[in-house]
Amino acid sequence: MITLIHLGHESLSTLEGAARRLGFESCRAARPDQAAPAGPIILAGAGPLDPACAQLKGSGWWSELPQLAAGGRPVLGINLGLHILAEGSEESPRGTGLGLIPGIVRRLGPGVKDPHWGWSPVRQRRVHPLFPEIRGGWLFFAHSHALEPGSETLSIAVHGRPFSVMECRGRAVGIQAHLEKSGWLGLSLLEKTLAALGEQPGPASSAGSN
Amino acid sequence: MDAKRIIPVLHVSAGQVAGPDPGPPSARACQLELEGADGILLRDAGPAGPRAEWLREVAGSLSIPFVLEAPFRDFAELEEALEAGADKVILPAGLDAVEPLLAAAVRTFGRSRVGVAVNAVLSADSHWLAEPEGRGALAWMAGLEQLGCGEILLRATPAGPESAALIQQTAQLSLSVLALCPEGDALAAEALLHGADGLAVADPARTPRQWKQALGTHGLTFRD
């Protein structure tokens, strides 16, 4: 079962709906003791970084996530979740990230639309044996900050300059795009990503059918 | 480069799509997703109370972003809409106390989740005024940008060469510009060619995919 970390103001309705349509079971967990006993943990969010980190620290997730990841539990960060999994962010210069994914998150721009809200083509930079390739497809983005691409970045998009779309370090995965809002392609990528993290849909799976 | 967005508009009243073909907003929005929409703009002029339930239904069934424009009376109403699953809220033109509401929403939810509708009207002396605010439209929009507004939903009346110029100037701001679609393909294409990031379209006779096919002949890039 997928565990969706509930970050206060965040709505999880779209992500829950996407998981349901793909045939995955999911549960919300505001605290670590509400998590499913196994399966991927998804940290998804949008909006300011500091309140989200404070929420994670107050709920116990901040200390628990690195331990779970070290123990082999898959962790998937989406959008703000990727920023939290990284080492740090310009959005909060005095804070640090969880460091499960190397690299620093930087402000987009200058000289570009901020926020970056729209559909961008994604280019594959490296092929990973487990994760799906995103070759030329359009994904939906809504963000003002992004992780700088590194040597192990799997895919990138461009908004003024290239930024990382997908990262994978062991069982920690970060995705900048909102797969759950990226149409049939996003749902297909979400399904394959969850499968790569060991989660299997039930018999009611309808991936890509919409 | 981002794709230009085609965003169908659905008017919602008492939790149902208004017009000759009423029904649940989630069903109509899903149909529009299948027809190639890049997002959905839901307009609800009704009271906030019953809104959260159908917003959750839309969020749970749609795989593209959707935005709610509604006459939010206070922060709590706006917060309820975003927590129910709207990806963004648009504060309508003429809303009371739009500046403090915008600033509070940006602080809590970030720039990407709040926009403002601007109704720009060309005055007799050829100045664009934001109505009913009664201010210079460009200065008003620049002020909204400073407050953290992430998107302008721009209606420019009348549509024509002057409105294309207004869109071009607005597009110089760092925020996203969604133009309410003027009548006629040539004017719609002009809005996008002059810098609008997307079009809000309310023509039920044409699907989003048909809009993309019609406007694609003008050299514009759309998502497949």
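Trainee: What pLDDT does chain B average?
Mentor: We're looking at a predicted model: local features need pLDDT of at least 70, side-chain atom pairs count only at pLDDT 80 or more, and totals for chains, interfaces and linings use all residues. pLDDT is the predictor's confidence in each residue, from 0 to 100. In chain B, 100% of the residues score at least 70, and the average is 94.

Trainee: And what ipTM does the model score?
Mentor: A quick word on labels: residues are numbered from 1 along each chain as its sequence is written, while chains are lettered from A and ligands numbered from 1 in the order in which they are written. The pTM is 0.94, and the ipTM is 0.95.

Trainee: What radius of gyration does chain B have?
Mentor: Along its principal axes, the C-alpha trace of chain B spans about 45 × 40 × 35 Å. The radius of gyration is taken over C-alpha atoms, and the globule rule is 2.2 Å times the number of residues to the power 0.38. For 224 residues that puts a compact globule near 17 Å, so chain B agrees with its own 17 Å.

Trainee: What share of chain B is buried?
Mentor: A residue is buried if 20 or more other C-beta atoms, placed from the backbone, lie within 10 Å of its own, exposed if 12 or fewer, and partly exposed in between. Of the 224 residues in chain B, the buried share is 50%.

Trainee: How many residues of chain B are in contact with chain A?
Mentor: Two residues are in contact if their C-beta atoms, placed from the backbone, lie within 7 Å. On the chain A side, 28 residues take part; on the chain B side, the number is 33.

Trainee: Which helix of chain B gives the most to that side?
Mentor: Helices (H or I, at least four residues) and strands (E, at least two) are DSSP runs, numbered from the N terminus. Helix 1 (25-34), helix 2 (51-61), helix 3 (75-84) and helix 4 (98-109) of chain B each supply at least two residues to the side touching chain A. With four residues, the top giver is helix 2.

Trainee: Which residue stands opposite B:Arg43 in strand 4 of chain B?
Mentor: Two strands pair if DSSP finds at least two bridges between them. Strand 3 (residues 40-44) and strand 4 of chain B run parallel and are joined by four bridges. Across from B:Arg43 you'll find B:Glu69.

Trainee: Which residues of strand 4 of chain B are buried?
Mentor: Strand 4 (residues 66-69) is covered on both faces. B:Phe66 and B:Leu68 are buried on one side, and on the other, B:Val67 and B:Glu69.

Trainee: Through which helix does the chain cross from strand 4 to strand 5 of chain B?
Mentor: Strand 4 and strand 5 (residues 88-91) of chain B pair in the parallel sense over three bridges, and B:Leu68 stands opposite B:Val89. Their β-α-β crossover is right-handed: with the strands pointing away from the viewer, the path from the first strand over the helix to the second runs clockwise. The linking element in chain B is helix 3.

Trainee: Which are the edge strands of the open sheet in chain A?
Mentor: That sheet has three strands in the order 5-6-10, with mixed pairing. Two bridges join strand 5 (residues 88-89) to strand 6 (residues 104-107) of chain A in parallel, while three join strand 6 to strand 10 (residues 145-147) of chain A, running antiparallel. Pairing on one side only are strand 5 and strand 10 of chain A.
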